Amino acid sequence: MKRTKAVLIIGGSGFVGSHLARRLRNKYKVFATYYQHQIRIPEVTMLPLDVTERNWIKRVIYGIQPDVIIYAAGKNNPQWADDHSRDAEQIHTNGAASVSTVASILQPRMIYLSNSHVFDGSRGNYKEEDVILPHSPLGKMKVSGENYIRTRSLNYIILRSGPLLGIGNGIEMTLIDRLRIALSKGKKLELSPYDFQSYTSIYGIIDLIEKLIEGGPRNKVLHYGGLNKLSEYELGIEFAKYFGYDPSIILEKRYAGEENDLYYSDYSLNFTQAISTLKAQPFFLKQCFDLIKQNFVG
Ligand SMILES: NC(=O)c1ccc[n+]([C@@H]2O[C@H](COP(=O)([O-])OP(=O)(O)OC[C@H]3O[C@@H](n4cnc5c(N)ncnc54)[C@H](OP(=O)(O)O)[C@@H]3O)[C@@H](O)[C@H]2O)c1
């Protein structure tokens, strides 16, 4: 009889990690870690884990002997990484190094979640083989995290994605949670009109990760994003219109010295490889909103 794979999600209490755990538990033995927020997900074994505690990481990994480790620890927030550079580096870079070093004896499949901030944001539509030149501290930390994974794992995937749209787990508010709350209360919300990204659905990346657990390429970088390129402000307006709120509540965030073009950045990703090799589903924004709506109802 075929053995059920064991999947360990580092950062299982986060937005991405908890969505993943809920999906994967139907098919695999799922172990998910938390740091400060102990959550309960039925049929998922939750374990405390701090990525700075190497001995504990060893005990967890050797105890579980996972077939797959998904590294989903760390906030995807450039401002937070600027303001908390030490903590952010511990999670995005050093934690990835510790986990991949400890796991190197067992050599599970490693899936490291990265983002588009590894690029400089000057032109967008970035492909996997394009030169990485991060400007932000978060981008630099992600590049270092990616490099540790590359050098320590013989079976890795670095999955860079655009911002993921979905409802949060009640701990960290996602952009969708912030929009929903502000719009339903009629409270003004300022969003940046300058950063263009290929927003996509959390469910799209989870589908893709499921495929990567079962197979797909090894030792590669893969991109994943959505088909619409928008700024945070444009996304807010579209969200308001789709869900029948007043879009005039969404305001453009203004910055000092914004009259020059320096503020515009385009971090959109080209993800044709994921579509051609893994049949990853590309989503239009409306489809992302449809899925959020279905999830509300669910
Ligand atoms: N969200 C996106 O749109 C997006 C897009 C592309 C890539 N990613 C990447 O996906 C990953 C997860 O993002 P997210 O949005 O799910 O973030 P999140 O909701 O902020 O979750 C962060 C997770 O990291 C854990 N964590 C924090 N400090 C830790 C530590 N010292 N040791 C161990 N775990 C620690 C948190 O645990 P506690 O909450 O229990 O403290 C939580 O489980 C990040 O690496 C991010 O860059 C996310």
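Student: Which residues around the ligand come nearest?

Tutor: Some ground rules come before the reply. The model is predicted: local features need pLDDT of at least 70, side-chain atom pairs count only at pLDDT 80 or more, and totals for chains, interfaces and linings use all residues. Residues are numbered from 1 along each chain as its sequence is written. A residue is near a molecule if its C-beta atom, placed from the backbone, lies within 6 Å of it. There are 29 residues around the ligand, and Gly14, Phe15, Tyr35, Gln36 and Asn76 come nearest.

Student: Which elements give two or more residues to the shell around the ligand?

Tutor: Helices (H or I, at least four residues) and strands (E, at least two) are DSSP runs, numbered from the N terminus. Here the elements are α1 (15–24), α4 and β5 (109–115).

Student: How do the residues of that shell divide by class?

Tutor: Ala, Val, Leu, Ile, Met, Phe, Trp, Tyr, Cys and Pro count as nonpolar, Asp, Glu, Lys and Arg as charged, and the others, Gly among them, as polar. The shell around the ligand has 13 nonpolar, 13 polar and 3 charged residues.

Student: At what angle do α4 and α5 pack?

Tutor: Two packed helices are described by the angle between their axes and the distance between the axes. Axes are lines fitted to C-alpha atoms, for helices over the stretch in contact, and angles run from 0 to 180 degrees between N-to-C directions. Helix α4 (residues 85–103) and helix α5 (residues 137–152) pack at about 10 degrees, with their axes 8 Å apart. That makes α4 roughly parallel to α5, a term for angles under 35 degrees.

Student: Which residues make the contact?

Tutor: Two residues are in contact if their C-beta atoms, placed from the backbone, lie within 7 Å. Among them are Ser85, Ala88 and His92 of α4, and Leu138, Met141 and Tyr148 of α5. By class, this contact of α4 with α5 has 8 nonpolar, 7 polar and 3 charged residues.

Student: Is Ala6 buried, exposed or partly exposed?

Tutor: A residue is buried if 20 or more other C-beta atoms lie within 10 Å of its own, exposed if 12 or fewer, and partly exposed in between. Ala6 has 17 C-beta neighbours inside 10 Å, so Ala6 counts as partly exposed. Its place is in strand β1 (residues 6–10).

Student: What share of the protein chain counts as buried?

Tutor: Of its 298 residues, 43% count as buried. The chain has 10 helices and 14 strands.

Definitions and conventions
Angles under 35 degrees count as roughly parallel, over 145 as roughly antiparallel, 65 to 115 as roughly perpendicular and the rest as oblique.
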